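Hi,

Here is the structure I said I'd send over.

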Amino acid sequence: MFTKLIKKASTAPAGAVEYLIVGLGNPGREYESTRHNAGYLAMDFLAQKLGATVNRLKFKSLCGDASIGEHRVLLMKPTTFMNNSGEAVRDAMQFYKIPAERVVVLFDDVSLDVGRLRVRRKGSDGGHNGIKSIIYLTGKDTFPRVKIGVGKKPHPDYDLAAWVLGKFAREDTQTLDKTFEAAAEAAILIVKGEIDQAMNLYNHG
């Protein structure tokens with residue numbers, strides 16, 4: 001559905017993993033291109049941008065290795081289903097001894113219009129079950145995150161689960177390609193220590 005980027009060649013990263021970048025979603029073909037999988041979709045753009053392949057099963061996730069600047073990064077797409085995303089994040093954090101401040105999470109946000117992003121240093125779960133699971137199982141809410149707007153429910157009585165598990169409208173595809181590209185760029189800036197720049201670039205509108 002979404003535009004494929006040209007994969008760039010990269011050398012295998014060296015040294016210990018210093019950062020985790022986690023794209024949240026639900027595994028399985030029936031969930032592809034749904035609003036709740038915006039984190040997965042943004043991760044696909046990021047992986048292609050970095051010349052990485054996210055296909056190794058580890059930490060209850062599909063994983064891939066990449067380098068951002070001088071930093072070795074583990075890219076993760078948890079396969080636990082959204083509500084248990086924290087299991088994957090906790091296991092990888094413990095294995096590599098990575099603090100929450102070096103875990104970047106990409107995920108969908110129903111409070112933002114399609115095409116909008118919000119970069120945050122930390123915060124509450126905001127009602128998002130994947131973030132709730134990460135905070136609960138790691139005991140930390142100090143991880144930076146990139147919220148990807150998927151649009152509000154059509155009306156207040158609309159079932160939220162039905163909304164987030166619904167597929168994006170076809171007319172939103174072009175906007176979403178740009179949004180996922182921007183989310184990937186924001187994650188790269190955060191790992192480079194430039195979260196202020198990411199917030200200035202993307203927290204508008």
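For the burial counts below, a residue is called buried when its relative accessible area is under 20%. One thing to keep in mind is that this is a predicted model.

Let me start with helix H5, residues 173-191. By that cut-off H5 is mostly covered, with 14 of its 19 residues buried. Its length works out as well: at 1.5 Å a residue the helix should span 27 Å, and its end C-alpha atoms are 27 Å apart, so the two agree. Just after H5 comes Gly193, whose phi is positive at about 85 degrees.

Lys60 has a phi of about 50 degrees and belongs to the loop between strand E2 (56-58) and strand E3 (61-68). Phe81 has a phi near 75 degrees, and you'll find Phe81 in the loop between strand E4 (71-78) and helix H2 (85-96). How accessible is Phe81? Its relative accessibility is 39%, so Phe81 counts as partly exposed. Lys60 is partly exposed too, with a relative accessible area of 39%.

Last, take a look at Glu70, in the loop between E3 and E4. Is Glu70 buried or exposed? With a relative accessible area of 75%, Glu70 is exposed, because the cut-off for that is over 50%. Glu70 also sits 9.7 Å from Glu18, C-alpha to C-alpha, although the two are 52 residues apart in sequence.

Cheers

Technical notes. Residues are numbered from 1 along each chain as its sequence is written. This is a predicted model: local features need pLDDT of at least 70, side-chain atom pairs count only at pLDDT 80 or more; totals for chains, interfaces and linings use all residues. Side-chain values use heavy atoms; hydrogens and water are left out. Helices (H or I, at least four residues) and strands (E, at least two) are DSSP runs, numbered from the N terminus. Buried means under 20% relative accessible area, exposed over 50%, partly exposed in between (1.4 Å probe, protein chains only). The expected span of a helix is 1.5 Å times one less than its number of residues.
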